[in-house]
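Reader: I am new to this structure, and I would like to learn how its features can be read, beginning with a single residue and ending with the way the copies meet.

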There are 2 protein chains.
Amino acid sequence: MAEQKAPSGAPDRTLLGPGPSNVDPRVLDAISAPLLGHLDPAFLDLADETQDLLRQAFLTKNPVTFPVSGTGSAGMESCFVNLVEPGDSVLVCVNGVFGTRMADVAARCGARVTKVEAPWGRAMDPADVAAAAKKCAPKVVAVVHAETSTGALTPIAPIGSIAQACDALLLVDTVTSLGGLPVELDRWGADACYSGTQKCLSCPPGLAPVSFSPRAIEKVHARKTKVPSWYFDLTLLTRYWGKERVYHHTAPISMIYALNAALRLLLEEGLEKCWERHLLNHRALVAGLEAMDLALVVPEEERLPQLNAVAIPAGVDDQTVRGRLLEEFGIEIGAGLGVFQRKVWRVGLMGYSSARRNVMALLEALQIILPDAGHRLSPGAALRAAEEIYG
Amino acid sequence: MAEQKAPSGAPDRTLLGPGPSNVDPRVLDAISAPLLGHLDPAFLDLADETQDLLRQAFLTKNPVTFPVSGTGSAGMESCFVNLVEPGDSVLVCVNGVFGTRMADVAARCGARVTKVEAPWGRAMDPADVAAAAKKCAPKVVAVVHAETSTGALTPIAPIGSIAQACDALLLVDTVTSLGGLPVELDRWGADACYSGTQKCLSCPPGLAPVSFSPRAIEKVHARKTKVPSWYFDLTLLTRYWGKERVYHHTAPISMIYALNAALRLLLEEGLEKCWERHLLNHRALVAGLEAMDLALVVPEEERLPQLNAVAIPAGVDDQTVRGRLLEEFGIEIGAGLGVFQRKVWRVGLMGYSSARRNVMALLEALQIILPDAGHRLSPGAALRAAEEIYG
């Protein structure tokens, strides 16, 4: 046998990257409960309750709301494989990695994909989306609410109106937004939505909460072709995650325990309170970063509170700084992806990780590391600036 | 908030159904460790080690061996979507639910599917498979090693020879066999194989260990069409689960902690010792059941030790017996599926659940329940018969 490595004896990490975030200890307690069978009446009660808690978190009445047995990307795939048939026109909003991924997934379903783009680090412009929709007459309009690769927030309601005007289904990625800022499926008129557990829900990665409107479910049942994926086929999955509770695949029991506990904690804190907490810690972080002459990539009014894209100052080496943060301070922040590689740090303040102690710890660590890396700053100014926001 | 339900305050269950089985407490301990990021060097060490442990469990040298981020059925889908292109001839061995499911999944990939069948409760006959292969010239031959819906074991080596003779890839379902009886990928000449965590590995459901031969990987890279699934695309997944460690999707950290711990325990016990344990408890169970005049559905030489399909005696009501077992004794056994519905019970003795105390507890409970249900038996005979096996 090899020597025992992580998780026992693993280093303690403060997870301030793009996810996973730190998991609430009460969620880790729930995940380690002994197993029930996936058809046990006691487990089905828990499944029912989890679906109800998810509806509350998504602000929806959609009966078809449940966790897909995979990570956030499995949620994305489950939306597209069910709603798209070969030849369908699909309009995808692209302003980062996850919009790009949606276009790839839609194309693999045989869609005729039209991309409407915004620069990395910016929200989608509804006027561009409306113009593109006019041209391509889409059956589905897909958009990322919170683009984790850039930290940009796209308001969904205007995109919803555009989808409605051309009688298209609205498909929304809320992986990074759910729990961290208002996600309001029914108000938006969203027809399909997926999220992840490892961002603002303070739960380990492994499940993808999804929700489908009755109109979306009708569309799935009216398909001319079979859903290309058996694993994600809603016509089968809704027989387990509905009243019938017919076996499809073995539900990931322990992860559902964890999600159940995480949703209870979210709703105990209260959605509004949780959104406010994310905003406050974001404001303190930004004040501290600006006091260190670090700039955010996204314009103020388009910023996500839970994911902060920070421009790496000229002359500062990306890997040196992230490496020291991890090794000396146990703090993980994220690297830039795609065009942001080596140019941007991604600082997540999500769920349990969105806490004053973490903001202060990161600012303190940067105050020590950055001058060595060649970036000048006034000692103490960052901490004072953040403290002022906390008042 | 709704009142707190399971898992806290959930009933204690002895899981003797078709899976999930009971999870080793040391695995539940591992799953609740604080999270590392999915690109943290400490987590990547654990991922490397888990892949190495999986190779030992599968008895393979295949570099591409890793856990798919979904349940066993996601493992099935990941094998087919990568290895099958539209129009390919695929031969599927069908002797129960999971062979039937493979045929469905293959068809959704656009395969021309030929089914070769054996009766439910029987192993596949290699002569039938050879005859069918001759006719359809398959590119892939797919077979279930341990058919969980019936308890029948199909020896894989003869099917491997048939696949080799027609230059087809051999695709094997080892969901219920891995850890419970010899699974020998390299000796079989298997090109693709998937399993599950919730059967004989004593780990919660949620991951699908898979392994692909170098020949299978070559075939994936030589595809004329894109893999229809982004989530399961091996050309992308092997960049995370290989030397590059490039982000694809966020790995399900906590479940990988659990799988790592479960594999360590399996290899600490020793594969042979573990197979012997499964066999011994199976023999004791069968001796006890036969002493109660209960018959197994599968002929002796084709039986799985870890999944026992028991014919429900005439006049005995399926649900009454399973309901009393669960409510009065906390013991879960499985219902029959498909043609076995209401005719067969499925008694699993898998992984941590394969234990003398569980065999005796089930026999004792049946001794109490069955006479009430109208099935006559000699008091005490079943326990004595099982004890004789244990010696």
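This is a predicted model: local features need pLDDT of at least 70, side-chain atom pairs count only at pLDDT 80 or more; totals for chains, interfaces and linings use all residues.

Reader: Where in chain A is D233(A) found?

Author: D233(A) sits in the loop that runs between α8 (214-221) and α9 (234-240) of chain A. From D233(A) to V220(A) the sequence separation is 13 residues, while the C-alpha atoms lie 9.1 Å apart in space.

Reader: How many helices and strands does chain A have, and how compact is the chain?

Author: Chain A holds 14 helices and 13 strands. Its radius of gyration is 21 Å, close to the 21 Å that the globule rule gives for 391 residues, so chain A is as compact as a globular protein of that length. Of those 391 residues, 59% are buried.

Reader: How is chain B related to chain A?

Author: One looks for the rotation that superposes one copy on the other, and here a rotation of 180° with 0.0 Å of shift along its axis places chain B on chain A with an RMSD of 0.0 Å. The two copies are thus related as by a two-fold rotation axis, and the residue of chain B that comes closest to that axis is G70(B), whose C-alpha is at 2.5 Å.

Reader: Through which surface do the copies meet?

Author: The copies meet through the same surface, because 100% of the interface residues of chain B are also interface residues in chain A.

How values were computed: Residues are numbered from 1 along each chain as its sequence is written. Chains are lettered from A and ligands numbered from 1 in the order in which they are written. Helices (H or I, at least four residues) and strands (E, at least two) are DSSP runs, numbered from the N terminus. The radius of gyration is taken over C-alpha atoms; the globule rule is 2.2 Å times the number of residues to the power 0.38. A residue is buried if 20 or more other C-beta atoms lie within 10 Å of its own, exposed if 12 or fewer, and partly exposed in between; C-beta atoms are placed from the backbone. Copies are superposed by least squares on the C-alpha atoms of residues with pLDDT of at least 70 in both. Two residues are in contact if their C-beta atoms, placed from the backbone, lie within 7 Å.
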